[in-house]
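Please look over the sequence and the model before reading the points below.

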Amino acid sequence: MSADPFTCRICCLGAGYVGGPTMTVIAKMCPDVKVTVCDLSERRIAAWNSKNLPIYEPGLQDIVEAARGKNLFFSTDIDTAVREADIIFVSVNTPTKKTGIGAGMAADLQYWELAGRHIASIAEGPKIIVEKSTVPVKTAAAMARVLQANSKYAFQVLSNPEFLAEGTAVEDLLRPDRVLVGGEQTPEGLAAIDKLANIYRRWVPVEKVLTTNLWSAELSKLTANAFLAQRISSINSISALCEQTGADVDEVAHAIGVDTRIGPKFLRASVGFGGSCFQKDILNLVYLCRSFGLPEVADYWHAVITMNDYQKQRFAEKMVAAMFNTVSGKKIAILGFAFKKDTGDTRETPAIHVCEQLMKEGAALSIYDPKVSVEQMNYDLGSPTPDKVCMEQDAYIACAGAHAIAVLTEWDEFKTLDYVTIYQKMVKPCFIFDGRNILDHAKLRDIGFQVFAIGKAFSNETNAD
């Protein structure tokens, strides 16, 4: 009988934006570790086993294809993978609750608990369970109780929060700022922490693999996203003041960003932040603060969400006001629907809110995004009729015959479009609303466009006048 070629076996429950890329990079960097990614969705697993992965991340396809079938496997056979595994990552969905206690703020942990109960029911020995989903503080303790109550084996529950940014997930995993592993401060807990930390230490510098207690690890994830979102809302609040005073938000951001105490990151004014994490995690943090009797702290963090909602609404209202206070019957080209470039993810994308507001005003939308599917856009907008919204596969077609263009995602290709040709085929006067401040506004005004940009004074004058 041949010896087992693998020194460790890892299973991940959940083949989504976190589980899939994380496990892929572990497999790449640890060829002696067998990594099995499991999901109940046959369609999702089939996509992971194909040339068209269910998510888009630069560089991910190549890494998957290099490791798949060697030490990286994607399967719907959850039970076998759990029984074989030494370490089980739980990366299931933890959405914001829609009903019941804490609706609209608290995390819905039903899938997380179900995963724990299933592990306990089929495990044939002790395991290390790793929280990879974003969960509230003290969730690990609840998981440990569920496991202990339903199994005769000993389990160690660790927290290993992800700090990935969509669009750069592979780079973030290969060269992370830090890896955080939290666990119980007992001999057994510390041994489990060390075992997981040693996996990461294969390629991450030792000083960047941080170890903490469970609660610090869980709270660090929520706090990190809250701080990042806070910076975006802060500069967006200043963008509104810039538009009224004649200041330029990019110049203000640069001036404060060169201060080493502040730094330049996440000071890019825009139509607003989106994605699966920021809003969900802040609302979760708000709920936790209120649950622990800290209303002032809760209100402070909720203001970050309030400002983000204000920014999206303000952008849509600016569009209507600039276009003579009516967009009824006017075609508006929407360039970009994903919440950021280099991803096809549309969760909480500002484009949804802006499009919905324009539709309520009677506009006819023509949307183009290089990575978001027509099916996804239809779903996000509630399956609108073709006379209200059409999805195009080409930016030039989307813009032809339009009264205005709204740039809602910072895709690089939008910077290099031939705006002279686009201008010639639009209804005059032509408007451009740059929700990401990525275009050459002076050049656009030379062509004849009336340009609105975030945090810059708006004028209906063009350089062509």
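The model is predicted. An open sheet of six strands is paired in the parallel sense, and the largest nonpolar core holds 60 residues.

**The six-stranded sheet**

- The strand order is β11-β10-β9-β12-β13-β14.
- Strands β11 (389–391) and β14 (450–453) are at the edges with a single partner strand each, so one side of each has no neighbour in the sheet.
- From one strand to the next, the twist averages 20°.
- Four bridges join β12 (residues 404–407) to β13 (residues 431–434) in the parallel sense.
- Within this pair, Ala404 has Phe431 of β13 as its bridge partner.
- Helix α12 (residues 295–322) packs on the sheet and touches β9 (331–335), β12, β13 and β14. The direction of α12 makes about 165° with that of β13.
- Helix α13 lies across β9, β10 (364–368) and β11, and runs at about 155° to β10.

**The nonpolar cores**

- In general, nonpolar side chains of soluble globular proteins tend to be buried together.
- In the largest core, the residues that touch the most other members are Phe315, Ile332, Leu335, Leu365 and Tyr419.
- Helix α13 (residues 350–360) contributes six residues to this core, the most of any element.
- Beyond its neighbours within four places in sequence, Leu335 is in contact with residues including Tyr368, Ala395, Cys399, Ile405, Val407, Phe414, Leu417 and Tyr419.

**Helix α3**

- Leu60, Gln61, Ile63, Val64 and Ala67 are the buried residues listed for helix α3 (residues 60–67).
- These residues lie on the same side of α3, because they cover an arc of only 165° around the axis.
- Among the elements that cover the buried residues of α3 are α1 (19–29), α2 (42–48), β3 (72–75) and α7 (169–174).
- Gly69 follows α3 and has a positive phi, near 85°.

**The β-α-β unit**

- A right-handed β-α-β unit is made by β7, helix α8 (residues 187–200) and β8.
- The strands β7 (residues 179–183) and β8 (residues 209–213) pair in the parallel sense over five bridges.
- In this pair, Val181 stands opposite Thr211 of β8.

Note on methods:
Residues numbered from 1 in each chain as written. Predicted model: local features only at pLDDT ≥ 70, side-chain atom pairs only at ≥ 80, totals over all residues. Heavy atoms only, no water. Core = buried A, V, L, I, M, F, W, Y, C linked by side-chain atoms within 4.5 Å. Buried < 20%, exposed > 50% of the residue type's maximum accessible area, 1.4 Å probe, protein only. Helix = DSSP H or I, 4+ residues; strand = E, 2+ residues; numbered from the N terminus. Contact = heavy atoms within 4.5 Å. Pairing = 2+ DSSP bridges. Axes fitted to C-alpha atoms, helices over the stretch in contact; angles between N-to-C directions. Arc of directions from axis to C-beta. Right-handed = clockwise from strand over helix to strand, strands pointing away.
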